[in-house]
Amino acid sequence: MNFILEKQALPDLLQTWRANFDVYLPQNLERFTHFMPLAAEGVTVINEPHNTRIPPKALFLPMTETLVKFTRFGGYENAKHEIEPRIVFALRPCDAQAVQLLDTSFLQVKYSDPFWLERREKTITVALGCHEPCDNGFCTTVGYGPFNKADLDAMLTDLGDFYLVETFSEAAETCFNGFANASETICVQALEVQQRAHDQMPVAFETENLKEKLEQNFSSNYWDKVSLSCLGCGVCTFLCPTCFCFDIVDETQRRERVRNWDSCMFRTYSLEASGHNPRPSRVERTRQRLSHKYVYWLDQVNQIGCTGCGRCVRYCPVGLDIRSMLRQAQSLPFEVSHAS
Ligand code: SF4
Ligand code: SF4
């Protein structure tokens with residue numbers, strides 16, 4: 001269904017939702033925007049061409065979370081978390097796509113993560129499409145886009161004084177019940193805005209044969225060059241909406257087993273108990289970061305594991321730019337393999 005939502009009606013709508021849902025939306029905190037719960041006094045809806053610093057993956061995979069509680073004498077019980085029905089409002093399409101990519105790890109047929117599953121089942125996602133390109137973003141290069149509709153319950157297109165709301169699930173339809181249906185003319189107008197936004201996105205690098213070039217040049221000194229200035233701070237991975245490395249530790253004083261975000265850019269991430277480290281330097285760790293997104297995800301689920309959100313470019317303290325790294329990769333030697 002397609003609805004019209006006047007911008008002036010939005011604050012009241014968000015407050016109405018609060019009666020039945022926890023509502024999360026981007027809000028200013030110091031210099032950045034973050035997904036935070038909507039309070040009774042309301043907030044201004046942010047529609048600037050950028051996404052939040054911490055991606056909404058944190059709403060599904062918290063930075064730290066207790067999995068198990070145990071006693072001194074060997075007893076234990078699974079942790080319980082109160083997860084209320086929620087609406088995540090104004091997330092960007094690249095971040096919604098990232099959550100779908102993470103489903104491929106957390107919701108497998110054989111093993112699925114119960115906390116992730118419950119949060120996914122209890123969440124309605126209402127995205128705000130990007131009518132202007134954001135700095136550093138390159139979603140169309142990796143096959144997605146500023147109005148990518150994958151894994152959304154609803155999508156808003158900014159048309160001046162109002163939004164066109166497209167709903168893709170019954171749950172979302174219920175949320176916008178009572179609003180006027182959009183006319184054919186308005187839907188066409190929205191399509192034009194969506195197409196224009198798509199066309200404005202720059203092509204950051206060529207993806208043709210990129211996977212094969214990275215694979216074939218596993219031992220190339222290309223990796224030394226592109227990792228030379230890396231500090232190993234892990235910012236690019238912590239803020240990446242598709243990175244999901246975690247560590248599980250027993251906090252013995254609290255008697256809790258806890259899962260914490262971790263990063264493959266840290267030396268200790270791959271350090272083995274024997275003292276051996278298969279990724280001993282930032283060269284191997286940088287290779288792992290890029291190869292995971294542009295080689296291994298493709299092998300595993302046939303999707304590039306980067307949504308082009310641009311965060312790693314924006315926040316790297318030494319200006320390492322994945323777009324430039326992948327442009328350089330495109331000039332690496334490459335042999336076409338012929339199937340026999
Ligand atoms: S690799 Fe960079 S651009 Fe790609 S999804 Fe992660 S943070 Fe965004
Ligand atoms: S943010 Fe930059 S410096 Fe920090 S680990 Fe990533 S690439 Fe290296």
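**Overall fold, ligand shells and selected residues of the predicted model**

Of the 340 residues of the protein chain, 32% count as buried, where a residue is buried if 20 or more other C-beta atoms lie within 10 Å of its own, exposed if 12 or fewer, and partly exposed in between, with C-beta atoms placed from the backbone. The structure is a predicted model, in which local features need pLDDT of at least 70 and side-chain atom pairs count only at pLDDT 80 or more, while totals for chains, interfaces and linings use all residues. Residues are numbered from 1 along each chain as its sequence is written, and chains are lettered from A and ligands numbered from 1 in the order in which they are written.

The secondary structure of the protein chain consists of 11 helices and 11 strands; helices (H or I, at least four residues) and strands (E, at least two) are DSSP runs, numbered from the N terminus. Along its principal axes, the C-alpha trace spans about 60 × 60 × 45 Å. Among contacts with a separation of 6 or more, 73% are between residues 24 or more positions apart, two residues being in contact if their C-beta atoms, placed from the backbone, lie within 7 Å.

Helix α2 (residues 93-106) has 14 residues and reaches 20 Å from its first C-alpha to its last, close to the 20 Å expected at 1.5 Å a residue, the expected span being 1.5 Å times one less than the number of residues. The buried residues of α2, including Pro93, Cys94, Leu101 and Leu102, pack against β6 (86-91) and β7 (123-128).

Trp297 is placed in helix α9 (residues 282-301) and is buried, with 20 other C-beta atoms within 10 Å. When residues up to four places away in sequence are not counted, Trp297 touches His292, Gln303, Ile304 and Gly305.

Leu326, in helix α11 (residues 322-329), is likewise buried, with 24 other C-beta atoms within 10 Å. Beyond its neighbours within four places in sequence, Leu326 is in contact with Phe205 and Leu210, and the C-alpha atoms of Leu326 and Leu210, 116 residues apart along the chain, are separated by 7.9 Å. By contrast, Leu67 in strand β4 (residues 64-70) counts as partly exposed, because it has 15 C-beta neighbours inside 10 Å. Neighbours within four places aside, Leu67 is in contact with Ala79, Arg257, Val258 and Arg259.

Two ligand shells were also examined, a residue being near a molecule if its C-beta atom, placed from the backbone, lies within 6 Å of it. The residues surrounding ligand 1 include Cys240, Lys293, Cys306, Cys309, Arg311 and Cys312, and by class this shell has 6 nonpolar, 4 polar and 2 charged residues. Here Ala, Val, Leu, Ile, Met, Phe, Trp, Tyr, Cys and Pro count as nonpolar, Asp, Glu, Lys and Arg as charged, and the others, Gly among them, as polar. Around ligand 2, the residues include Cys230, Cys233, Cys236, Met265 and Cys316, and the shell has 10 nonpolar, 2 polar and no charged residues.
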